[in-house]
Every structure is written in C-alpha cells, then in structure tokens.
Amino acid sequence: MKYPVLFLAGVAVLLTSYTCMAQRRFMRATPVEAPAKVQKVVENAVQNAVPTDVKADVEKVSTEVEAQVKKMKDAEGAVAQAKANEVVADAAAVKPFPGTDDQWKDSLDVKWIEKEATSHKVPAHFNNKFVLRGDQRDGHAYGRYTEADVRLWESETMRLVMEGSRIFHDADLLGSTNGTSCDMCHPDGMGTHPETYPKYQVQLGRAALLRDMMNWCLQNPCRAEPMSGDDPRMRAMEAYLNATSSGKPMKYGKH
C-alpha cells in the first residue's frame with residue numbers, strides 16, 4: 001500500500017516543479033504585459049467597487065455642499081453689511097450736543113441764557129471795559145479793542161458758563177442712570193471749591209484736578225459714564241464751577 005502512495009507523491013512534486021518553471025519562463029518572456037494586466041485588474045476592481053450611481057450621488061452631494069457654503073458666505077456678508085449700515089445710520093442720527101459743538105446754535109429758546117441765569121445763581125461776568133483806554137497803541141499785545149470786542153468776550157464766556165450750569169442741573173444731560181444730578185449734592189455749585197484744586201483726594205487716592213473729582217461724582221452718585229477732558233459737557237461744567245468761585249482766592253491743596 002505504501003508504494004502507490006509514494007508514487008503519487010512523486011508525481012505531484014514533479015507537476016509542481018514543472019508549473020513553477022513554466023510561470024518563471026512566462027514572466028521572463030513578458031516583462032511588460034504582467035504589470036499592465038495587474039493595473040487592469042486594479043482598475044476593474046475600482047470600477048466594480050464604486051458603482052456609477054454612487055459616483056453621481058457623491059457629485060450631487062459635493063455640489064449641494066458648495067451651494068450651502070456659498071449661501072453661508074453670502075449670509076455672513078449680508079449681516080456684516082447690515083451692521084455697517086446700522087453704524088452709519090446711528091452716526092448720522094447722533095446730533096451735536098446742544099449748545100456746545102455748534103457754538104450754541106441749537107433749537108433752544110433764544111432766551112435760554114437769561115432763563116438759566118434766573119433759575120440758578122451765577123456770579124456776574126468780570127467787567128473788562130477798563131481795556132478801552134485811550135492809550136492803546138498798535139504795538140499792544142492784543143491790538144486795539146472796541147466796545148464790540150468786550151461784549152463778544154462776555155457773551156461767549158457767559159454762554160459757556162450757562163451751558164455748564166444747564167448740564168450741572170440736568171440728570172439726563174449728565175447721562176445719569178438713576179436720576180441724580182450734580183446740584184442734588186451741590187446746589188448752585190456750592191461745596192465744590194474749584195479754587196482749591198489741584199489737591200489730594202482721598203476717594204481717588206491721589207492728587208487730582210477738578211475734572212478728576214467731577215468724573216468720580218459722575219461714576220458714583222450719578223451712576224453715569226465718565227467724561228473725557230475734551231467732552232464739551234466737561235468743559236462747560238468746569239467753566240461753570242470756576243465761575244461759581246469767582247472772587248475767591250486760589251488756595252490749591254486746601255481741604
């Protein structure tokens with residue numbers, strides 16, 4: 001029994017050896033054809049793996065995604081433009097602060113200065129008529145003055161001071177959020193002592209100017225935003241408070 005088995009095993013080995021030799025001979029004989037066949041097989045596999053309808057779906061989805069992205073970009077652009085338009089509209093809607101930016105050419109009653117002076121105490125303007133002396137010369141630092149010059153100085157200065165009085169007594173003009181105005185603590189500017197500045201302020205923990213203390217009051221009792229030194233309201237109120245201390249000797253640093 002064992003001899004036939006051995007015989008069959010030998011035949012199998014011979015057939016295997018012959019097959020391998022034939023394959024080697026084929027590979028050596030067709031070095032270009034083999035890679036080409038492999039590539040074709042791969043392409044066929046890819047074609048079979050991705051059906052045509054799937055490709056169409058992928059292209060459709062890609063197109064839809066691109067369309068959505070474009071819509072989002074357009075929407076973002078529209079929102080940005082709308083915001084820009086709002087900013088422009090807000091800027092156009094902001095009117096100059098009445099009585100300051102446009103040299104008091106506002107819609108107020110023409111007699112508003114007279115009414116303000118009647119409502120609140122403001123010291124009289126200094127009389128500058130002494131400059132209308134007959135000894136003025138062309139070489140004088142300010143040249144020759146006239147009665148009209150003196151009247152202009154007084155009217156413009158009083159307008160600034162009265163504007164400060166109007167703001168000082170008006171919570172809305174101060175930007176107060178709790179209805180508090182400066183005159184509630186300082187009627188007619190009393191107790192502000194502008195003639196004592198600069199001086200050390202305990203509330204601020206440093207030496208301060210009058211406007212520094214005014215801003216402290218705006219932020220605390222009035223719950224309003226502070227004003228910059230160039231704010232027309234700050235300039236007007238500072239002028240008003242300085243006017244209220246007219247005639248008092250300057251004693252900076254005094255508590």
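Trainee: At roughly what angle do the axes of helix H5 and helix H8 cross, and within what distance do they come?

Mentor: In this predicted model, the axes of H5 (residues 147-168) and H8 (residues 232-244) cross at roughly 100° and come within 7 Å.

Trainee: Why is H5 called roughly perpendicular to H8?

Mentor: Angles of 65 to 115 degrees count as roughly perpendicular. The crossing angle is roughly 100°, and therefore H5 is roughly perpendicular to H8.

Trainee: Which residues of H5 and H8 meet?

Mentor: From H5, the residues are Leu160, Val161, Glu163, Gly164, Ser165, Ile167 and Phe168. In H8 they meet Arg233, Ala236, Met237, Ala239, Tyr240, Leu241 and Ala243. By class, this contact of H5 with H8 holds ten nonpolar, two polar and two charged residues.

Trainee: What makes Asn128 buried rather than exposed?

Mentor: The relative accessible area of Asn128 is 17%. Buried means under 20%, so Asn128 is buried. Asn128 is found in the loop between helix H4 (112-119) and H5. Residues up to four places away in sequence aside, Asn128 touches Val150 and Trp153.

Trainee: Why does Arg223 count as partly exposed?

Mentor: Arg223 has 47% relative accessibility. Buried requires under 20% and exposed over 50%, with partly exposed in between; Arg223 therefore counts as partly exposed. Its place is in the loop between helix H7 (210-219) and H8.

Trainee: What is the phi of Arg223?

Mentor: Arg223 has a positive phi of about 55°, although Arg223 is not a glycine. Asp188, also a residue other than glycine, has a positive phi near 55°. The place of Asp188 is in the loop between H6 and S1.

Trainee: How do you know that the peptide bond from Tyr197 to Pro198 is cis?

Mentor: The omega of that bond is near 0°, and the bond is cis. Pro198 is found in the loop between helix H6 (171-174) and strand S1 (199-201).

Trainee: What makes Ala224 buried?

Mentor: Ala224 has a relative accessible area of 8%. The cut-off for buried is under 20%, so Ala224 is buried. Ala224 lies in the loop between H7 and H8.

Trainee: Which residues are in contact with Ala224, leaving aside neighbours within four places in sequence?

Mentor: They are Leu174, Gly175, Ser176, Leu218 and Gln219. Gly175 is 49 residues apart from Ala224 in sequence, and the two are 5.3 Å apart in space, C-alpha to C-alpha.

Trainee: What is the volume of the largest pocket, and which residues lie nearest its centre?

Mentor: The volume of the largest pocket is about 390 Å³. Of the 23 residues lining the largest pocket, His186, Gly191, Thr192, Met213 and Cys217 lie nearest its centre. H7 supplies the largest share of the lining, four residues. The lining of the largest pocket divides into eleven nonpolar, ten polar and two charged residues.

Trainee: Which residues line the second largest pocket?

Mentor: The second largest pocket, with a volume of about 180 Å³, is lined by Val122, Pro123, Ala124, His125, Phe126, Thr157, Met158, Val161, Ala243 and Ser246. H5 gives the most to this lining, with three residues.

Trainee: How do the lining residues of the second largest pocket divide by class?

Mentor: The lining of the second largest pocket has seven nonpolar, three polar and no charged residues.

Conventions
Residues numbered from 1 in each chain as written. Predicted model: local features only at pLDDT ≥ 70, side-chain atom pairs only at ≥ 80, totals over all residues. Heavy atoms only, no water. Axes fitted to C-alpha atoms, helices over the stretch in contact; angles between N-to-C directions. Helix = DSSP H or I, 4+ residues; strand = E, 2+ residues; numbered from the N terminus. Parallel < 35°, antiparallel > 145°, perpendicular 65-115°, else oblique. Contact = heavy atoms within 4.5 Å. Nonpolar A, V, L, I, M, F, W, Y, C, P; charged D, E, K, R; others polar. Buried < 20%, exposed > 50% of the residue type's maximum accessible area, 1.4 Å probe, protein only. 1 Å grid on protein atoms, 1.4 Å probe; cavity = no way out; pocket = protein on both sides within 12 Å on 5 of 7 lines; lining within 4 Å. Points joined across faces, edges and corners; volume = space filled by probe spheres on them.
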